[in-house]
Amino acid sequence: MSYPTEDLTHHQCARSESWWARDAQGIELCRVCPECEEAKLSRYRPEILSGYSQADVDEPIEPEPTCYPYDFGL
Ligand SMILES: [Zn+2]
């Protein structure tokens, strides 16, 4: 048996082989199983699933410069 990809977004998952897909806040989005997980989660934006990107989270706090190039040689 094979289904078109779009049908997997309405897949009725087997209870024993499925789990709740959650967003970055732990909010349940939909029931998924290995078969339909990709199809169902592809409807959501990546940042909903994984939160803000690492680049946003790990953005270094730049120290306030203590001197400016103009200070040199003056
Ligand atoms: Zn499924």
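The following dialogue explains how to read several features of a predicted model.

Colleague: Which secondary structure pattern does the chain follow along the sequence?

Modeller: Helices (H or I, at least four residues) and strands (E, at least two) are DSSP runs, numbered from the N terminus. Here the chain has three helices and two strands, in the pattern β-β-α-α-α.

Colleague: In which sense do strand 1 and strand 2 pair?

Modeller: Two strands pair if DSSP finds at least two bridges between them. Strand 1 (residues 19-22) and strand 2 (residues 28-32) are antiparallel, with four bridges. Tryptophan 19 faces valine 32 of strand 2. Five residues lie between the strands of this hairpin, where glycine 26 has a positive phi near 85 degrees. Isoleucine 27 also belongs to the loop between strand 1 and strand 2.

Colleague: Is isoleucine 27 buried or exposed?

Modeller: A residue is buried if 20 or more other C-beta atoms lie within 10 Å of its own, exposed if 12 or fewer, and partly exposed in between, with C-beta atoms placed from the backbone. Isoleucine 27 counts as exposed because it has 10 C-beta neighbours inside 10 Å. Of the 74 residues of the chain, 4% count as buried.

Colleague: How many other C-beta atoms lie within 10 Å of arginine 45 and of isoleucine 48?

Modeller: Arginine 45, in the loop between helix 1 (37-41) and helix 2, has 8 and is therefore exposed. Isoleucine 48, in helix 2 (residues 46-50), has 14 and is therefore partly exposed.

Colleague: With which residues is isoleucine 48 in contact, leaving aside neighbours within four places in sequence?

Modeller: Two residues are in contact if their C-beta atoms, placed from the backbone, lie within 7 Å. For isoleucine 48, the contacts beyond those neighbours are Asp23 and Ala24. Between the C-alpha atoms of isoleucine 48 and aspartate 23, 25 residues apart in sequence, the distance is 5.6 Å.

Colleague: What share of contacts between residues at least 6 apart in sequence joins residues at least 24 apart?

Modeller: In this chain, the share is 36%.

Methods:
Residues numbered from 1 in each chain as written. Predicted model: local features only at pLDDT ≥ 70, side-chain atom pairs only at ≥ 80, totals over all residues.
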